[in-house]
Structures are given as structure tokens and as C-alpha cells.
Amino acid sequence: MLAQTSIGLRLPALSVITEPMAFTPVTPSDVAPGTTRFVQHEGAAFLIARDGDGSLFALDGLCSHALLPLAGARLRRGHVICPHHGARFDITTGAAKGPPAYCGIRSWPVRETDGMIELDVSA
């Protein structure tokens, strides 16, 4: 059983939380190819991205340069570009690839299953 939240996430019922991995699902229509989606869950911020080929990636949702949200981040040549100051991060690893960020951001396991995008927040 899943409960809908105000930001579009569906959270697992208590019986599902006891599984080895706890996933936070997002619908595939929320992340079209070549776009990103900023989500928040239990006080943490995440950025879900789908490249032009349709592969999914998940990164921390705050830029390491100024700790501002990556909401509205663009994708370009395998990088996420911060909308505030233009810092670039590798879409696969979160490594910083351009100033003003010199420290990377964390990448998270993500998958698409049964018509849902699921982010593993327990990893």
C-alpha cells in the first residue's frame, strides 16, 4: 500500500519499509528524457535526471558550492548544471566538473520498475 504526498511521491506502507532496501517512488512522466526533477523526502533533497537516451540517474538535490537546491537544473553533455551559479556535476557519479563547485555531490541508486521510478534512499 502506498500513500500519495503533496509533492507527488508515493511512500511505502509500514510493512514495505522492513524490506532490505527502502525505495521512494516517482512516476516516469515526472522525468522526461533530457530533464531533471527535484524531489524532497523526509528532510532530504534529491535530483532525479533522465538523459537523452532514457537512462535514469539520481544525485543529491543541493549544489555543493552554495547548498542551494538543484531545482531547475539542466542536463548537458552528461552533466547536471546548477541553475544558480553554473556548477557542473557528472550525471553518473556526482563528481564536480566545473567551478564554482570543487566538491562533488552524492549519487544514489535509482531504478524504473512497474511504471514507477524508485530512488534507494537507504544506500
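Modeller: Contact means heavy atoms within 4.5 Å of each other. The model is a predicted one.

Biologist: Which residues is Leu 70 in contact with, leaving aside its neighbours within four places in sequence?

Modeller: Leu 70 is in contact with Phe 38, Leu 47, Asp 60, Gly 61, Leu 62, Cys 63, Cys 82, Pro 83 and Ile 105. Each of these residues therefore has a heavy atom within 4.5 Å of a heavy atom of Leu 70.

Biologist: What part does Leu 70 have in the largest nonpolar core?

Modeller: The largest nonpolar core has 14 residues, and Leu 70 is among those that touch the most other members, along with Cys 63, Val 80, Ala 87 and Phe 89. At least two residues of this core come from strand 5, and at least two from strand 6. There is also a second, separate core of 10 residues, with Val 26, Phe 46, Ile 48 and Leu 119 among them. In soluble globular proteins, nonpolar side chains tend to be buried together.

Biologist: Why is the pair Arg 50 and Glu 112 called a salt bridge?

Modeller: The distance between their side chains is 3.3 Å, N to O. The limit is 4 Å, so the pair qualifies. Arg 50 belongs to strand 5 (residues 44-50) and Glu 112 to strand 12 (residues 110-113), so the bridge ties together parts that are 62 residues apart in sequence.

Biologist: What makes Arg 50 buried or exposed?

Modeller: Its relative accessibility is 8%. Buried means under 20%, so Arg 50 counts as buried. Glu 112 has 43%, which lies between 20% and 50%, so Glu 112 is partly exposed.

Biologist: How many salt bridges does a search of the whole structure find?

Modeller: The search finds two. The other pair is Glu 118 with Arg 111, at 2.7 Å, N to O, which is within 4 Å and so meets the definition. Glu 118, at 15% relative accessibility, counts as buried, whereas Arg 111, at 38%, counts as partly exposed.

Biologist: Where does Arg 111 stand in relation to strand 13?

Modeller: Arg 111 stands opposite Glu 118 in that strand. Strand 12 and strand 13 (residues 116-120) pair in the antiparallel sense.

Biologist: How do you know that strand 12 and strand 13 count as paired?

Modeller: Pairing takes at least two bridges, and these strands have four, so they count as paired. The two strands form a hairpin with two residues between them, and in the turn Asp 114 has a positive phi of about 50°.

Biologist: What makes strand 4 and strand 11 edge strands?

Modeller: They belong to an open sheet of four strands in the order 4-5-6-11, with antiparallel pairing. Strand 4 (35-41) and strand 11 (107-108) each have a single partner strand, so one side of each is left without a neighbour in the sheet. Strand 11 is joined to strand 6 (residues 56-60) by two bridges, so the pair meets the limit of at least two. Ala 58 stands opposite Trp 108 there.

Key: Residues numbered from 1 in each chain as written. Predicted model: local features only at pLDDT ≥ 70, side-chain atom pairs only at ≥ 80, totals over all residues. Heavy atoms only, no water. Buried < 20%, exposed > 50% of the residue type's maximum accessible area, 1.4 Å probe, protein only. Core = buried A, V, L, I, M, F, W, Y, C linked by side-chain atoms within 4.5 Å.
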